[in-house]
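Hello,

Here is the structure I promised to hand over. Please open it beside this email and follow along; the findings come after it.

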Amino acid sequence: MLLETTKSVLEGRNCACPSALPGDSLTRAVRFSRYADNRGKTVDRQVPVNQLVALREVVFVMQSQRNSYHAQRAGQRRAHLFHQAQSLKQGSPDVVFLHELSEYDGNWGILPALPRLAEGYCRSSSWIFFLEEETVVDLARLLGVLSKFSSGREWFLGRALYDVEATIIHHYAFSDEPAGFGYPDFIAGWALSCPLVKRLADYVKYEPPKSDFTIDPKHEIALYIWEEGRGPALTDVGEFCSELHGSPSTSHCASTVNSYLPSCGNPVEKEDLFVAVKTCQKFHHDRVPIVKKTWAKDAALLEFYSDVTDPAIPTIDLGVPNTERGHCAKTFAILRRFISGDVTRASWLLLVDDDTLISLPRLRRLLRCYDPSEAVSVGERYGYGLSQGGYSYITGGGGMVFSRETVLRILSSGCACYSPDAPDDMVLGMCLNTLGLSVTHSPQFHQARPDDYPKEVLIRQSPISFHKHWNIDPVAVYQQWLMDTKEPFQRLLGREFRQEL
């Protein structure tokens, strides 16, 4: 009777193991776990006890970056995994750095990396677990969580994020019900079963994403996998956590976060950051005053570049006519002025639009993590045509930061605009790609407004920038999100961020 009751409960459900139990009695213990699917519906899944996934069945893919600071942080995370593995006595796990998977710089988009991951690792493993350089994994708990899902099925597991309203960064997807679609919070870690990886690896070869642009890979990978309902939706796993490691609420977590913010010592000096603001005459009386009222006061070296000279601001006319879009010719004129030595010897150049809102103190703290003698480009990373061998670039609206070495290499290479109104950020991305130089992503930069991002993510980031004045009060946004008072998440937690793990 008990067996029949168990079978009837499981009938028709997406179980993690076969619903038919052998014999005329219960020959194995069974527990039930409850997980929320992508639409928030709670589902029971049958889980066999004491059949843990072995460590050799899991491949850890670090969403790492080539820059020396980030490569070092990824190395520390790998060492932490190896240290735990010793206590499990199952050998060292396979840990793959995404930036070392191949010479191609676009593997951060995830989809371009899937064929290599499927071919190189899914022949002998069952799961691919993705993590960021600050994701802390409890190996024993993670193996227990993965054991609740049959590795022979297609699974897409993660901590779900949801949009409150349709947003431009997600191409206004699900405009009727934006909160109905979940996508993984990368910092909490996320997992794909190898059957799903193999199918996607084959599929992406002849069916690339519908958009040429990679803007938010978290959302885009979820959309691609879901495939308008033909593929699996994200399963929200409660043990994948985005809270700080050691927080009271994380005793059940298989993953937590070491630190939300880089901490590399004292900020770079104000005089070591040169700020270039691109504007034009028609915005001298509405956008420029906002810059001056909010963040310009934190700059030691700042110039406004316009199509006319206005001594009241003052602005500098570089002799480049204004264009309605792109502004490539103006940007390259700024680059040449920066390296001329006539105005500054600063190690860093920040390029922003006149409707960019930015925190210079936070930026200077971030830049302490990077070596200005290296060719460094920092900001919010976008991609173009990544599934077809395209390139990455720093999107301009959120602010583009370049070391002096980067600017020197770009200009000495002969790289130039293909037209005066070409998109400057994309042209610079093509230049860097041709030179074999990577761009470095920081989630603290934002191409859009605060309303276009999940609030829980913004709170923990301590944002550096936002872009656009559309439908917002830019001064209020600056005061709420960017003023250099005590960091919001530190205030909520009542503790400093951790760097020791």
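This is a predicted model: local features need pLDDT of at least 70, side-chain atom pairs count only at pLDDT 80 or more; totals for chains, interfaces and linings use all residues.

**What was found**

Ser306 sits in strand 16 (residues 301–306). Residues are numbered from 1 along each chain as its sequence is written, and side-chain values use heavy atoms, with hydrogens and water left out.

Is Ser306 buried or exposed? Ser306 counts as buried because its relative accessibility is 2%. The cut-offs are these: buried means under 20% relative accessible area, exposed means over 50%, and partly exposed is in between, using a 1.4 Å probe and protein chains only. The side chain of Ser306 makes a polar contact with the side chain of His284, at 2.8 Å. A polar contact is a pair of N or O atoms within 3.5 Å; within protein, one must be able to donate a hydrogen and the other to accept it, and residues adjacent in sequence count only if both atoms are side-chain atoms. Not counting residues up to four places away in sequence, Ser306 touches several residues, among them Thr279, Cys280, Thr315 and Lys330. Contact means heavy atoms within 4.5 Å.

Cys280, one of the residues that Ser306 touches, is itself buried at 7% relative accessibility. The C-alpha atom of Cys280 is 9.8 Å from that of Glu324, and the two residues are 44 residues apart along the chain. Glu324 belongs to the loop between strand 17 (315–317) and helix 8 (328–339). With a relative accessible area of 68%, Glu324 is exposed.

**Disulfides**

How many disulfides does a search of the whole structure find? The search finds 5, where a disulfide is a pair of cysteine sulfur atoms within 2.5 Å. If the bonded cysteines are numbered in sequence order, they pair as 1-2, 3-4, 5-7, 6-9, 8-10.

- Cys241 and Cys253: their sulfur atoms are 2.0 Å apart. This pair links distant parts of the chain, with Cys241 in strand 13 (residues 240–244) and Cys253 in the loop between strand 13 and strand 14 (255–257), 12 residues apart. The link of Cys241 and Cys253 is left-handed, with -90 degrees about the S-S bond. Both Cys241 and Cys253 are buried.

- Cys264 and Cys369: the S to S distance of this disulfide is 2.0 Å. The disulfide of Cys264 and Cys369 is right-handed because the torsion about its S-S bond is about 95 degrees. Cys264 is partly exposed at 28% relative accessible area, whereas Cys369 is buried at 9%.

- Cys328 and Cys417: the S to S distance here is 2.2 Å. Cys328 is in helix 8 and Cys417 in the loop between helix 10 (404–412) and helix 11 (424–435), 89 residues apart, and the pair links distant parts of the chain. This link between Cys328 and Cys417 is left-handed, at -90 degrees about the S-S bond. Cys328 is buried, with 0% relative accessibility, and Cys417 is partly exposed, with 25%.

**A residue in another loop**

Where is Asn107 found? Asn107 is in the loop between strand 4 (94–97) and helix 3 (114–121). Asn107 counts as buried, at 3% relative accessibility. A polar atom of the Asn107 side chain lies 3.4 Å from the backbone oxygen of Tyr104. Leaving aside neighbours within four places in sequence, Asn107 is in contact with Leu98, Leu101, Ser102, Pro112 and Ala113.

**The protein as a whole**

The protein has 14 helices and 25 strands. Of its 501 residues, 56% are buried. Among contacts with a separation of 6 or more, 73% are between residues 24 or more positions apart.

Regards

Definitions and conventions
Helices (H or I, at least four residues) and strands (E, at least two) are DSSP runs, numbered from the N terminus.
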